[in-house]
Amino acid sequence: MTWQVYRALRVPLAAMAAMALTMSTTALASAEPDPPEQVRNGDFSQGTTAWTSYGTTSTGVTGGELCSVVPGGLANLWDAGVLQNLPLVAGSDYTLSFRATASAPVSIRVAVQLADPPYTTATDQRVALTAERRAFSFSFKGHADTDQAQLAFQLGGPAEPYTFCLDDVSLTGGVEQPPYTPDTGPRVRVNQVGYLPGGPKDATVVTSATEPLDWQVKDTAGEVAASGRSTPRGVDEASGQNVHTIDFGALKRTGTGYTLVADGETSHPFDISAGLYERLRSDSLRFFYIQRSGIAIDGGLAGEEYARPAGHVGVPPNTGDTDVPCQQGVCDHRLDVRGGWYDAGDHGKYVVNGGIATYQLLNIAERVKTAVSGDFGTALRDGSLRVPERGNDVPDVLDEARWSMEFLLRMQVPAGEPLAGMAHHKIHDRNWTGLPMAPHEDPEPRELHPASTAATLNLAATAAQCARVFAPYDAAFARRCLTSARTAYLAAKAHPAMYASESDGNGGGAYSDGDVSDEFYWAAAELYLTTGESRYLTDLSGSPHHTGEVFAATGFGWPSTAALGRLDLATVPSGLPADDRQRVRRSVVTAADAHLRTARGQAYGLPLPGGAGSYFWGSNSNIINNVVVIATAYDLTGDPVYRDGALRGMDYVFGRNALNQSYVTGWGEKSSRHQHSRMYAHDLDPSLPEPPVGSLAGGANAGLNDPYAAELLAGCRPQFCYVDHIDSYATNEVAINWNSALAWAASFLADQGDGADRRPGACRVRYSDYGTWSGGGGFTAQVEVTNTGGTPVDGWALRFAFVGDQKVREAWMGKVTQAGAVVTARNETYNAKIMPGATVRVGFNAITSGGANPAPGLFTLNGAACGLQP
C-alpha cells in the first residue's frame, strides 16, 4: 500500500498505524500453513529419482527437465508414460501443476488415479502439447484414502515418435507424511533363519532394563526348551539402543518354529537344523544366472517370473554388446564384449567389480581342495545348481564363474592396438536409464570406457586363477586364461598409473581407484600360484602388501584387493618358502582374531566396529568379507572358535540387528524385498518380479548417498541407516560383489553340517615328488600314510587334490581314480589293514602340461584329515 492511497483515504497517520497493526495481527492469526507437497523430486534436481517411465525408448534429465522419447504407433495412451506413486486423502483439496513440452503437437492424458486396478481417477485431464513450454494447473478433491495412488502422464497414441519433456511438477494438498519410523518388530532380535545344533546361538534384546532379564526358548507347542538370564551390555554404539545379550548355545535339540521370549517380548521364529544353509548356497548362486547378460534366462531354471529374452545382443531396441565402440576420443577399435553379469541394479558391466565377484566364485570351488569341511567339493558337483551348462562334468559354480570370465577376457585391448593387453575399465549405457527397465528393452547406446591399470590387473589376477582352477576340466580355456593373464600383467607394468576417472559416471558407476598397488600384489600372487615362476614370486615378495596389514577392520572389497592375494597365498599350495608361508598363514589367523575381538565388543555380535565410518555403501558385503577371513582361519587351523565366529558374524545379516531385518530376500521372517533394481522392479511395474530369493541388500550406510535415504533417514544411527525401498540405491541395491561374498559364506556355512566339532584323523601323510620325467611332460610321486591311532584301519580311501592340470596316468599299491583335480586312492586286498604305527604307500605317475606342481595341501583318510609330515 502506498502513501498516495493513504492520503486519498484521508485517514490520520496514527489511525493508519493502528489499523496496520490490527490488519497484520489478524492476518497472522488467520493465515494457514501451506498445503503439503506430495511430489518428490518435482524439479528433477535429483535426476530421475522417484519417477518411473515405461513404454518409452529412453528417459533422462537434460537441462533440468525430464525428457522421454515416445515411440510412434502405440495403440493406447497408457502404453507409454511417466509416473510417480504417492498417497491420497479422500475429500482433501489438491492442486496439480507442471510445465511440459512435446517435440511435435500431441495430446496426452494426465491423471491422478489408483495405482492398481480398477485405476479409478481423482482427476483425468487431456492436455495439448507443442514445442512451446506451457504451464498447467488443475484442482480436484481426493477420492480415496490410500498410499497406492499415482500421478501419471500417459503418452502413447501418436503415429510418429516424439520427445516429451516435463518440469516443475507439484501436487499440493492432503496431509503431511508422518516422520519415518521403521517397523522393527519384537525387541528380541535373533537370526531369523536359525542356528546349527552344535553351533553358537546368540540373541540381542532391546530394553530399558539395566539388570539381567529372565529368558526362555519355547518350541511350537509352547514348551520351554531352554532358559536363563541375559547379560546387560549398555548402550550399543551402532544403534544407540540399550541392549542385553542372550546365549542359548546349550540348546542343541533340532526343531522348527522356536521363539525366544524375554522382557515381555517374543522373537521372530527360527529353526535349529543341520541343513539350515544348504539351500542358501544354491539360492545365492542362482542370483548370478538371473543377472547374466547376453543370454535368454530360462524360466524352468530360474523361475518363470524371471524368464526374459537375452539382453544386449543387438536385437532392437538394444544396440547390443557384440560390436561396441569406445567413447569418443578413447580408441578406434570396437569389441565384442557380450556376456558377463549385469553389475547391480543397472545394466553396466565393470571389470573391477566383476573381478572380485568372479574371484569369489572361483574361490568357492578352489577352497574345497584344502578345507576339511569342503569334502573335496561333493556339494558343488555338476548338477548342483540351476544353470544351463549342468551335465557337462564341470562343477556348476565354475560354469557360472566362466560366464563372467569370458566377458573379462573380451574386455582386453587386442594385439596391434594402442594399449594392447590392457583392459577397458567398463562398458555401459551412454546415459542413465530410468526404473524399471528390462535388459532387452534398454535403448541406450553402449560404450567402452578407457582402459585402466586397475581393470587390467583384475583381469590378470582372475585369469591366472581361472587357468589353474579350470585346468582339470578344459585345458584349452585354461591356456587362454593364462595367456591373457600374462599379457595383462605385462601391460599393467608398462602402464602402471592409468586410473579410472572419478567423473566418468554418467550412465554407470565410476569405480575409480587411485591406488593400484594392491591389485599388483593380488595379480602377482595369482600368477605365482598358477605358474610357480620366480619372476612373480619376486614381484609379490617385493610388494609392501606382502608384509603389510591387508585386513582392515572394515573389511575388503573391490577397491582393496590385497586381501585376496594374501588369502590365496595362505590356502593354495605353493612353493612359497616355508617360513614365509607360515607367516602368511599366521597373518590370516591374526586378522581373524582381531575381527573376533571386534565382534565380542559389539552387542549385536558382528565383526565390524560400531562407528558411523564403518557403515558405508555395501556394508553388508564388507561384514561378510570379514566373516570370510574368520572362516578361512578355521579352514587353516581347525579351531572351532573361528567356525563359531563365522556363524555368529552371519547372524547380523539374517536379522540380529537393530532393524530386526534379514538382508537376504526370502530368508527370514522379515527380509528385504524391495531392492533397487531395474530388472526386479515389481514395486514400479507389477508385471516384473521381486528380487530373487537369495539376493543380498547393500545394507546400512551412514553416508546416506542417495536422495531418498538422505531425506528419510537424516540423523540416523549407523545400523538404522537403511530402508527397504526401491529408490534407495545407496542402502538397498543388489550387486554381484555383494552376492559373491554371500555365496562364499553360504557355501562355508552349508559345509559345517550340524556345527559340531570335527575330530582330526589318526593318521600322518608324507608326500614325495620324485621329479619330472625327461621332457617335463609328467612326474612321479608317492604318498605314505601312517596310522597314528591305537586301533587298526581296516579298509581305506585316501583323498587329495592337485592345484592344476595334473592327471594320474598309472598307480601302484592302490586303486586310483581321479575326478577333476580330486584323486581317490583305495586299498588293494593285500594292504587293506593298517595296524597302529604301520605305514602304507601308494605311488603314481602323472602327466601335466607344466606350471606349479606343489604338494597337495589336504589329505583325508576315510574322510578325516591327516597331519602332514615334511
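1. Helices (H or I, at least four residues) and strands (E, at least two) are DSSP runs, numbered from the N terminus. By that assignment, histidine 676 sits in the loop between helix 15 and helix 16 (707-712). The model is a predicted one, in which local features need pLDDT of at least 70 and side-chain atom pairs count only at pLDDT 80 or more, while totals for chains, interfaces and linings use all residues. Residues are numbered from 1 along each chain as its sequence is written, and side-chain values use heavy atoms, with hydrogens and water left out.

2. The "active site" feature comes from an unreviewed UniProt entry, which places it at His676, Asp724 and Glu733. These residues are spread over 58 residues of sequence but cluster in space, with a largest C-alpha distance of 9.4 Å. UniProt positions follow the numbering used here, feature names are shortened, and annotations may be inferred rather than shown by experiment.

3. Histidine 676 counts as buried because its relative accessibility is 7%; buried means under 20% relative accessible area, exposed over 50%, and partly exposed in between (1.4 Å probe, protein chains only). Contact means heavy atoms within 4.5 Å. Beyond residues up to four places away in sequence, the contacts of histidine 676 include Gly345, Leu435 and Glu733. Its side chain reaches the backbone oxygen of isoleucine 726 at 2.7 Å.

4. Aspartate 724 lies in the loop between helix 16 and helix 17 (729-732). Not counting residues up to four places away in sequence, aspartate 724 touches Gln661, Ser671, Ser672, Arg673, His674, Gln675 and Asn732. The side chain of aspartate 724 reaches the backbone nitrogen of arginine 673 at 3.0 Å.

5. For helix 13 (residues 578-600), 23 residues at 1.5 Å a residue should span 33 Å, and the end C-alpha atoms are 33 Å apart, which agrees. The expected span is 1.5 Å times one less than the number of residues. Among the buried residues of helix 13 are Val584, Val588, Ala592 and Leu596. Their cover includes helix 11 (544-547), helix 12 (562-571), helix 14 (619-637) and helix 15 (640-653).

6. The unreviewed UniProt entry places "domain: CBM2" at residues 756-869. This span is 0% helix and 54% strand, and its end C-alpha atoms lie 27 Å apart. Alanine 781 belongs to strand 29 (residues 778-787) and is buried, at a relative accessible area of 1%. Alanine 781 and tyrosine 767 are 14 residues apart in sequence and 7.3 Å apart in space, C-alpha to C-alpha.

Methods: A polar contact is a pair of N or O atoms within 3.5 Å; within protein, one must be able to donate a hydrogen and the other to accept it, and residues adjacent in sequence count only if both atoms are side-chain atoms.
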